[in-house]
Structures are given as C-alpha cells and as structure tokens.
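I opened the model to look up a few points and wrote down each one as I went.

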Amino acid sequence: MEKFIINGGSKLKGAVNISGAKNAAVAIIPAAILADGPCVLENVPKINDVTVCLQILTEMGAKVRMRGKNTIQIDAKHIRDTVVPYEMARSIRASYYFMGALLTKFNHAKVSMPGGCALGDRPIDQHLKCFKALGANYSIEHGMVEITADKLIGTQIYFDKITVGATINAMLAAVKVDGLTILENAAKEPHIVDLANFLNSMGADIMGAGTDVIKIRGVKQLSGANYAIIPDQIEAGTYMVAAAATGGDVTIKNIIPKHLEPITSKLIKMGVVVEEYDDSMRVVGASEPYERMNNLKTMPHPGFPTDMQPQFAALLTLSSGTSIITESIYEDRFRYVDELRRMGADISVDGKVAVIEGVEKLTGAPVKAADLRAGAALIIAGLCAKGRTEIEDIYHIERGYEDMERKLRAIGADIVKRKYPDPDTIRNIG
Ligand code: EPZ
C-alpha cells in the first residue's frame, strides 16, 4: 500500500502541465475497437483507469502498443472475445463502455456490472434503456450484463435523466446501426464532444454532441484514425484550487479555457485572481480568506461539475463565513467530510447539503482517501494545513491523476509517496 506525506504551508509557485482527460480516454479506448484498422491515440493520461481499459483490450485479443509515455496504438482487428473479464471490469466504472462498443461490433456483449467510486447508488438503467430501444435484449445474471441483438435499428431515445455514461454508451451502440438515432436530453460534457470527434474522424456521422440533442446517422464502416485526447478539465481545476488554497501563483498549461469556465467563474467569485490565455491559465491566490459561497450547486455541464465539489469544499473550509454546497448529481459525495474534520474543518452534512463554517486554520492529520476526488480534496487540505498530513489509500487518487506527486513537487509542494504494510497483511501475520 502507498500513502502521501505532506508538510503543509508552502505556497505553490511555477507551472504545471495538464494531462489528457481521464473521462475522455476511458470512452475513446473502447471506441477504438470499432475501427477496421489501427488507431493511434495521443495525450492519453498514464493513470490506472486507462491501464485497466488497455488490459481489458489485450485480454480480448487486441494488439496494444505503447508508442511513447502518452501515445498508444490499438489494433482491434483480431478481437474475437465479446466477454470482458469480470475482475477487471468491476474495478472501474468505465468498463461499461465496452457494452456499447462490443454490441456494435459483434451484436453481443457480456460485461460485469461496473465498479468505480462509491458515490451512492449508480444504476445503469438508462444505458440498458438505450440498448433495448435500439433493438437489443439484455439479462443480468451472476453480476454480468449480457446484451444480444439480431439487428440494431436507429431510433429516438429520451434520457429520463442527464447521464454522461449512458449518452456515451448510446453513441457507441448507435454509430453503425441502420438509420438515424436521435438522443434527447443528452449530457454535454467536453468528453462527450471528444468522443464524437474521435468517432467522426473514423468516418462516423454524429452531429450535435455538446448540445442536448445528438443525431447519429449509422455508417457501414469505421476506419482507423490518429487522435489526440483533450486536456483534463478536472485535473486542471484541481491544480487551480490547490494554487488558490495555498495563496500561490501557478500557471496551468495545456488546457482548453472554455472547458474550465464553470470552475473559473466560481474561483473568481471567491476572490481568486485568474488570468486566461489561449491554452493556459494563471491562478494567483490571496493571503487573506476568500469569500464564502452561499450556494455552490453541482449540475451537469455547463453547470458546476460534481467532480470538483470535494476540492472546492477543502478550499471553502478556510474561507470567511458560512458556505453551502448542494450535491445534486450523486447520493453520497461527502465521504471526505469526516476526514477534513480530523484536520479541523467545521462542516456539517444533511443529505445532499453540506454547510461549511470557515475556520482560521487546518492542522495536519492521518487521513484516508475514500474515492478519487475525495483524495484530491485531502491533498489540497494537506497543502494548506499546519504540520504533517498522511493520506492513505492513494490508489483511489492514482486512478485519475497522472504523476500527481511529481507535478506538485515541481511547483513547490512538500509531498512524498511512501509504502506502508497493508493492514490486512499485518492482521493475517498477527
Ligand atoms: C461519469 O460517471 C464520470 N465517470 C464521473 O466522474 C462523473 O462524476 C459523472 O460522469 C458526471 O459527470 C466517468 O466518466 C468514468 P452519470 P457516470 O451517468 O457516467 C445517475 C470522476 O471523479 N444515473 O452522468 O457514472 C447516476 O447514478 C468520476 O472522474 C442513473 O440514474 O455518471 C448519477 O446520479 C466520478 N441511471 C447521475 O445519473 C443511469 O443509467 C449521473 O451519472 C446512469 C446514471
């Protein structure tokens, strides 16, 4: 097991390069199996969720070749297996994208119910609704979802709720079906647009991605393509908040400012100075407390992203006055609150609402990362706390942040990664 050890108090200064977007990469990699020839993907983040997706492809018979740290060649011509290995599939959420991709390629898919961050109930009813609407049948047995179809036909699908995953799976399942498929009430996140652009570069005919109506005209064939994945707006936002929290001065490089608007606007409202350039953003923190946020509510894009909610909560623990955060996407995305309390934060949670009373300071403490963004929040808190913070279970964090220890050290953070014995192993020895 590994942990981060952080000695707080350093103001972050310098420049950090943002990696490719996790939530785009984990959709584009399964999509690559639809190509009749090899695809070369650039700006792929070197993170655990991507590693699992590539392991699944390899297990199924695809040829995966690293052509650089962040460049991968995928040739799925020889894939014959339509069953995704159970243990791998259940370790990440994005394994369910293989359902749509394999259904399109083989009219059959067998994938375990997905895993991913524990954020409350995360059903896949909208995904299954899409597959059924396109003419497929499905069954769920022994933790596996099996989807079969004689022939898929284009149709109109209205999502009962805005869902990134189901929007992506519907695009993957509809891209080669006969006729026109119209997705209504679709999600509009930047990675939805990135996937549509990738599929269109292979020869697909997808219009409207990034709006709430996406039209997909089925095509007969998709060819291999070279494609560079967009920068990760959540990774960028995390470093922006870290710079603000430490009162630092950091330039965030290799970003698309438009994708960060929902985050930048909130930071500016709190009193953080943000200078926007073509493909970078300079964040200058303040030494006095920031303004409180009296109703920070997470919404589907272009609203404030739920994946930035824990990081902003960490920042708001030191702001002036009372802040309110409403988590409207997930049932339970406040599992980091107990850990922040150990560091002196004053936060109370009632259902989907967290009330944060700004405090003078946080103090370092031993804490545990409950999930990916909860871990990011604890790092931010540790960077501005007095004293030493030890964060365990950092495998959650490394699912979605490339080289976080190196990137933070490069801008002045006092952070190291250390191994520690797995408590279960100790119990077994004992
Ligand atoms: C994706 O999850 C991201 N994960 C999440 O990022 C992100 O928080 C989420 O989109 C929202 O932006 C990946 O892309 C791998 P949803 P996903 O389907 O697709 C409910 C991170 O930190 N819902 O948009 O699972 C669902 O329970 C991770 O990077 C249904 O009810 O999110 C949730 O309440 C965490 N039925 C809401 O919709 C369904 O069939 C939004 O889920 C599907 C979803």
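In which sense do strand β3 and β5 pair, and over how many bridges? I found them antiparallel, with three bridges. Pairing needs at least two DSSP bridges between the strands. Strands are DSSP E runs of at least two residues, helices H or I runs of at least four, numbered from the N terminus.

The model is predicted: local features need pLDDT of at least 70, side-chain atom pairs count only at pLDDT 80 or more, and totals for chains, interfaces and linings use all residues. Residues are numbered from 1 along each chain as its sequence is written, and side-chain values use heavy atoms, without hydrogens and water.

**β5 and its partners.** I placed β3 at residues 39-42 and β5 at 72-75. Val40 stands opposite Gln73. β4 (residues 63-66) also runs antiparallel to β5, joined by four bridges. There I noted Val64 as the bridge partner of Ile74. β4 and β5 make a hairpin with five residues between them. Gly68 in its turn has a positive phi of about 150°.

I then checked the side chains of β5. Ile72 and Ile74 point one way, Gln73 and Asp75 the other, and all are buried (under 20% relative accessible area; exposed is over 50%, partly exposed in between; 1.4 Å probe, protein chains only).

**Leu103.** I located Leu103 in helix α4 (residues 97-106). Leu103 counts as buried because its relative accessibility is 0%. From Glu42 it is 61 residues away in sequence and 26 Å in space, C-alpha to C-alpha.

**Asp121.** I found Asp121 in the loop between β6 (108-112) and α5 (125-133). Asp121 is exposed, because its relative accessible area is 52%.
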